[in-house]
Structure formats: structure tokens, C-alpha cells
Amino acid sequence: MKTLTIVPSSYIYTFTWEPNEEGLCALERRALFGVDSQSGIVESSYEIDPSRSPFIKERLGVICEGGSIEELIEEVKKLDSFDGFKIVFVQNPDEERVGFKKLRHIEKSVGLHFKGEADLVNPSVWFGIMNIGERWILGEYAKNEAVWLHHQRKPHSYSTALGTRVARAVVNIAAPKTDGVKLIDPCCGIGTVIVEALSMGIDIVGSDRNPLILSGVRENIAHFGLEGEVTLKDIREVTGHYDAAIIDLPYNLCSVITVEEQLEMLQSARRFADKVVIVTVEDVDPVIHEAGFTITDRCEVTKANFVRQVIVCE
């Protein structure tokens with residue numbers, strides 16, 4: 001059996017989002033790819049695991065293309081032999097959906113010109129076919145495994161905690177590139193952000209000043225087979241240096257804080273982090289500026305009867 005060794009010329013990502021998370025999807029996309037667009041497609045030289053994002057549906061690593069399906073087939077004929085392959089048609093989210101019979105015909109037409117044996121039951125190599133305007137593209141195919149959905153079933157949770165989708169996107173906004181990056185969640189609550197970051201292989205530590213929740217945070221982390229450092233510590237006691245901090249500002253009746261306390265928190269973050277991603281249900285722009293930060297990007301996420309703001313500060 002031969003594995004795919006061709007280096008893709010680029011990567012095409014398809015996106016899907018709920019209406020209340022359109023702004024968050026756009027913010028994450030700007031952070032990951034530097035693209036500000038309403039399109040459901042992004043083409044980039046940057047390769048990331050599609051499962052990193054709650055909004056990326058599929059990824060194609062482009063290996064050949066043509067101006068028509070016939071031209072694409074001619075390019076496919078030039079490829080080396082691959083045993084155990086399967087071909088799937090990838091719907092273009094910006095265009096009308098292709099019907100089942102037509103897409104199956106396209107898959108079969110292209111597959112017949114592959115060298116090697118197909119395996120429709122247990123393929124070792126997946127290929128995707130996609131039409132973008134006048135381009136017909138074939139690429140190595142990877143789909144999103146929706147890891148964050150599994151994290152919803154953690155042993156401990158709060159009704160006011162971030163949802164796993166939002167938490168995962170916020171981590172990506174804080175750390176678009178993950179190599180050598182160190183994050184901190186200094187008000188980690190029940191650990192939703194910590195779990196999402198650790199599951200992506202990101203170096204993150206957590207802390208909280210509430211001693212009653214730390215055992216629950218550690219149990220949540222261990223429940224998914226992850227390992228992470230979580231300590232009892234007030235944000236004002238944090239030392240060291242971090243590339244980015246994620247701060248979900250307290251807002252419920254049990255943990256309401258004053259404007260002065262908000263300022264202390266953000267001034268502390270200014271000391272130990274180069275970048276801060278703030279999640280809040282209040283207007284904290286004046287506090288952010290007073291703490292010495294500049295707001296570089298932002299979005300809103302609606303949930304039930306309230307609106308969360310996600311604010312990127314440097």
C-alpha cells in the first residue's frame with residue numbers, strides 16, 4: 001500500500017456556522033488565516049487540522065486541478081498509484097448544492113482514472129473533488145471530527161460557563177499558531193477553555209481563586225485523558241510571562257465584580273501577557289483602555305437572552 005507523499009500546493013477549507021456565531025466564525029477566520037470574508041471557503045498556504053475549529057467542516061490539500069472535469073481527469077491520470085483510496089465530492093458552500101446522482105457520477109468518473117485499487121469500506125487515503133468557479137480541484141481530504149462535542153459531556157459544568165464551541169474558537173483566536181506558544185487562563189472556572197486548549201496540544205496553564213472548583217477542573221481534564229497544571233491563585237498573584245491570556249470576566253450573581261476589580265484584573269494581565277482575549281457580557285471598553293490595552297479585533301456571540309463580546313487586546 002502506498003501513502004500519499006505529494007505536497008499540496010495549497011489548502012482549501014470549507015466553513016459552516018450557526019447564525020448566532022457568524023461573528024465568532026469570522027473573528028476566528030481572521031485570526032487563523034488573516035482573511036476577512038463572508039465566503040464559506042478559504043484557500044491558504046497554512047495547513048491546520050480541520051478539527052481545531054468548530055467552524056471548519058472539511059479541508060482539501062490541493063494536488064491537481066483543471067478548468068473542467070475533463071481537464072482534471074487528465075491530471076489525475078498522471079498521479080502515482082494509490083491503493084486503498086476513496087473519493088468524495090465536496091459541496092461548495094457558496095454555490096447551489098450538487099444533487100446526489102450527479103455527485104456520485106463525478107466521483108465515479110474521476111475514480112475510474114486513478115491507478116490502484118479503491119477501498120470504499122476502510123480507505124487509507126481519502127480524496128476530495130470540489131468545483132470552485134471555473135476550477136475543478138482534487139485534493140487529499142480531511143473532515144472535522146467535532147472533538148468539542150465530546151467535551152460537552154464532562155463530569156462538572158456550570159450553566160454560565162462558556163460552551164465548548166465558543167471556548168475552542170476563543171483558544172484559536174488567542175493562539176492562531178501553536179508551536180512554542182504558552183497560554184494562561186487565570187480565571188479558569190470549571191476549565192472549559194483549558195480542556196479545549198489541551199486537546200489541541202497547546203501549552204496552557206490555569207488558575208482560579210475559588211478553592212471549591214479546582215478538584216472539578218482537574219477531574220474534567222483527567223476525564224478526557226489530558227494532563228494540565230491548574231493552581232489556586234488570584235490573577236494578581238500570577239507571575240511569569242505568557243504569549244496570551246484568555247479571561248472570561250465573571251458576571252453571574254455569585255461572582256459579580258466591580259469596575260475597580262475589573263481594572264485590577266486587566267492591569268494584572270497587562271503585566272504577564274502580551275495578548276489578552278476577553279470574554280464579557282458587559283461594556284468594558286473604558287476599563288480595557290485604562291489598563292493599557294489596545295483593542296485589535298472583536299465580535300459578538302448571542303446566547304439565549306444575553307450577548308457575549310469576544311475582544312482581542314494587545
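This talk describes one protein chain, from its overall make-up down to single residues.

Good morning, colleagues. The model is a predicted one, in which local features need pLDDT of at least 70 and side-chain atom pairs count only at pLDDT 80 or more, while totals for chains, interfaces and linings use all residues. Residues are numbered from 1 along each chain as its sequence is written, and side-chain values use heavy atoms, with hydrogens and water left out.

I begin with the chain as a whole. The chain holds nine helices and 13 strands; helices (H or I, at least four residues) and strands (E, at least two) are DSSP runs, numbered from the N terminus. Along the principal axes, the C-alpha atoms fill a box of roughly 65 × 35 × 35 Å. Of the 314 residues, 52% are buried, where buried means under 20% relative accessible area, exposed over 50%, and partly exposed in between, with a 1.4 Å probe and protein chains only. Among contacts with a separation of 6 or more, 72% come from residues 24 or more positions apart; a contact means heavy atoms within 4.5 Å.

Let us turn to the sheet. In what order do the strands of the open sheet of six strands run? The order is β2-β1-β3-β6-β5-β4, and the pairing is mixed. Its edge strands are β2 and β4 (85-89), each of which pairs on one side only. From one strand to the next, the twist averages 35°. Two strands pair if DSSP finds at least two bridges between them. Strand β5 (residues 125-132) pairs with strand β6 (residues 135-143) in the antiparallel sense, over six bridges, and Gly-128 stands opposite Gly-139 in β6.

Two helices accompany this sheet. Helix α3 (residues 100-111) packs on the sheet and touches β4, β5 and β6, its direction making about 145° with that of β4. Helix α1 (residues 22-33) lies across β1 (11-15), β2 and β3, and runs at about 170° to β1. For these angles, axes are lines fitted to C-alpha atoms, for helices over the stretch in contact, and angles run from 0 to 180 degrees between N-to-C directions.

Next comes helix α6. How many of the eight residues of α6 (residues 192-199) are buried? Seven are, and the helix is mostly covered. The buried residues include Thr-192, Val-195 and Leu-198. They pack against α4 (147-151), α5 (164-174), β7 (182-185), β8 (203-208), α7 and β10 (242-248). After α6 comes Gly-201, with a positive phi near 75°.

Asn-220 is found in helix α7 (residues 214-223). Is Asn-220 buried or exposed? Asn-220 counts as buried because its relative accessibility is 0%. Beyond its neighbours within four places in sequence, Asn-220 is in contact with Lys-154, Pro-155, His-156, Ile-190 and Val-195; Val-195 is one of the buried residues of α6.

Finally, I consider two loop residues. Ser-51 lies in the loop between β2 (41-44) and β3 (56-66). Its relative accessibility is 6%, so Ser-51 counts as buried. Leaving aside neighbours within four places in sequence, the contacts of Ser-51 include Asn-144, Ala-146, Trp-148 and Arg-168. Ala-146, in turn, lies in the loop between β6 and α4. Ala-146 is also buried, because its relative accessible area is 16%. Its phi is near 50°, a positive value in a residue other than glycine.

Thank you for your attention.
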